[in-house]
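Here are a few exercises to work through with the coordinates open. Try each task before you read its solution.

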Amino acid sequence: MNIRISMAIAAVLVAAATQAIAAQNLSKRATVAADATIDVSNVEGRVDVTAWDRNEVELTAVLEDDKDRLEFEATDRQVRIKVVRPNDRYGNRKDAILTLKIPKDARISAETVSADITVAGVLGEQRLESVSGEVRTQAYDAPVKLSTVSGDGTISGTGGNAALTVESVSGLITASGIRGSYDGEVVSGSLTINLAAAERLNARSISGDIDAHVELMPTARVEMETVSGEIKFTMNPPVNAEFDMESFSGDIESCFGKKARDKNRYGPGSELSFTEGSGGARVSINSLSGDITICDR
Amino acid sequence: MTTIPFGRGPQKDPLLAQASNLPQEIAPPRDLWPAIAARLSEQSRAASRRFTWPMALAAGFLVAAVSALLTWGLMRDPGMVPVNYGPNSALGAVQLEARDELLVQFRQRLDELAPETREAVVKNLAIIQRAADEIGAALAQDPASGLLNGLLLSTYQQELQIYSTVVTSGDALTRRT
């Protein structure tokens, strides 16, 4: 009996060792221009990108599946990294973990299916897309585009003037600490927006909620729209803006002392338009049945 | 021919005189009510047997099965049913044709997505359909509303965005080499 157990344990250990051997540990390095474009694509696993002060790209890759293949092509202007999974796109469940160091001024373009993407310290333009993976990044002055189907997204600003573009079907997308512009849309996902200073803010949803907290610039333009989601818009005082809000069947609430009025005497619809302070900024919010709340605290 | 004198009354009308001599009530030869009552009771029992609990349960299963079948059909090929914007939509044929072209690619790519992602996409297309229905119902009340027409256009754009996102997502990854 003991011999059998020992043999079984040995078999398990051999299998584990074989598995460990099957994993591929790879590393690549290339010298590139400071503002080179780095394209990365992966299916499952992770893509972790950090910036450094060298004009070099360093890649460490762990491919858990021995059938996966790593492509790495580099020129002075562009580096292309791709995990090729030739036979089994899904259901494999074996991760490919890519850890990258890139020049801080480089542009990064990352695309995954279920792999998470994390980017830190990259000052150049970013385009990050994942189907169901989670995307996290830091934004500075260069544009950032974040797109998911069901994956969540987080953009942490550092007070820069980045132009953010976010799109998701059902993901929860959070952006904070930005002083630039914001353009976001979701279907059932949610948009949580915290802008240090907003020059332009566009946010749309079908059924998802939009929660925005901003400091309006004097000439800011804000447009928000939802079908059945809830829109909550909070501004740091003092507020100098013209407001124009309309809803077909949702409630419009304001803490500025103004009440919404019926649009038609006998039909549905309510609207609220007023100027707070000296005006300047313009805020337009529309909904079908979603409630709208604006406040300065 | 017998002539009946003008004016009615047993004294003047011999027929009435005979009729007035008939008995006031005639008892039936046997009591028919017990048989009638038994028949009524039997019919009532038959009626209650028509809808029993097992039958109700079976009907419930049938409804659930049909519903599941429809859902499965949509899940299996949701691209078969693009969002319908109703008769009050201002969307033109050109816009809808452009959508149909994108829909072909969307259908191809949807099958390549992981099941949970596919489910999320299908669920959100259903959300868009519900939104289109709600806007359509509102437009029926106020067809000229700028708000409603604007929301409908945005909803249409969101539908296209879903198709586009699915078509382009993982583009570099799912391409076989």
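A strand here is a DSSP run of E with at least two residues, and strands are numbered from the N terminus. Keep in mind that the model is predicted.

**Exercise 1. Find the strand that holds A:S130, then work out whether the residue is buried or exposed.**

Step 1: Look up the element. A:S130 sits in β10 of chain A, a strand that covers residues 126–130.

Step 2: Check the accessibility. A:S130 has a relative accessible area of 3%, and the cut-off for buried is under 20%, so A:S130 is buried.

Step 3: Look for a polar partner. The side chains of A:S130 and A:T112 make a polar contact of 2.8 Å.

Step 4: List the surroundings. Skipping neighbours within four places in sequence, A:S130 touches A:T112, A:V113, A:A115, A:I117, A:V135, A:S147, A:T148 and A:V149.

**Exercise 2. Count the disulfides over all chains and describe how the cysteines are placed.**

Step 1: Count. The rule gives one disulfide over all chains.

Step 2: Name the pair. A:C255 is linked to A:C295, with an S to S distance of 2.1 Å.

Step 3: Get the handedness. The angle about the S-S bond is 110°, and the link of A:C255 and A:C295 is right-handed.

Step 4: A:C255 is in the loop between β21 (252–254) and β22 (261–262) of chain A, while A:C295 belongs to strand β25 (residues 292–295), so the bond ties together parts that are 40 residues apart in sequence.

Step 5: Compare accessibility with the cut-off. A:C255 comes out at 24%, so A:C255 is partly exposed; A:C295 comes out at 13%, so A:C295 is buried.

**Exercise 3. Describe the fold of chain B by its elements and its contacts.**

Step 1: Check burial. Chain B has 177 residues, and 29% of them count as buried.

Step 2: Look at contact range. Among contacts in chain B with a separation of 6 or more, 69% come from residues 24 or more positions apart.

**Exercise 4. Characterise the interface of chain A and chain B.**

Step 1: Count residues. Chain A supplies 44 residues to the contact and chain B supplies 36.

Step 2: Get the area. About 3100 Å² is buried between the two chains, with 61% given by carbon and sulfur atoms.

Step 3: Sort the chain A side. Its residues that touch chain B split into 15 nonpolar, 19 polar and ten charged.

Methods. Residues numbered from 1 in each chain as written. Chains lettered and ligands numbered in written order. Predicted model: local features only at pLDDT ≥ 70, side-chain atom pairs only at ≥ 80, totals over all residues. Heavy atoms only, no water. Contact = heavy atoms within 4.5 Å. Buried area = accessible area lost by both parts, 1.4 Å probe. Nonpolar A, V, L, I, M, F, W, Y, C, P; charged D, E, K, R; others polar. Helix = DSSP H or I, 4+ residues; strand = E, 2+ residues; numbered from the N terminus. Buried < 20%, exposed > 50% of the residue type's maximum accessible area, 1.4 Å probe, protein only. Polar contact = N/O pair within 3.5 Å; in protein donor to acceptor, adjacent residues only side chain to side chain. Disulfide = S-S within 2.5 Å.
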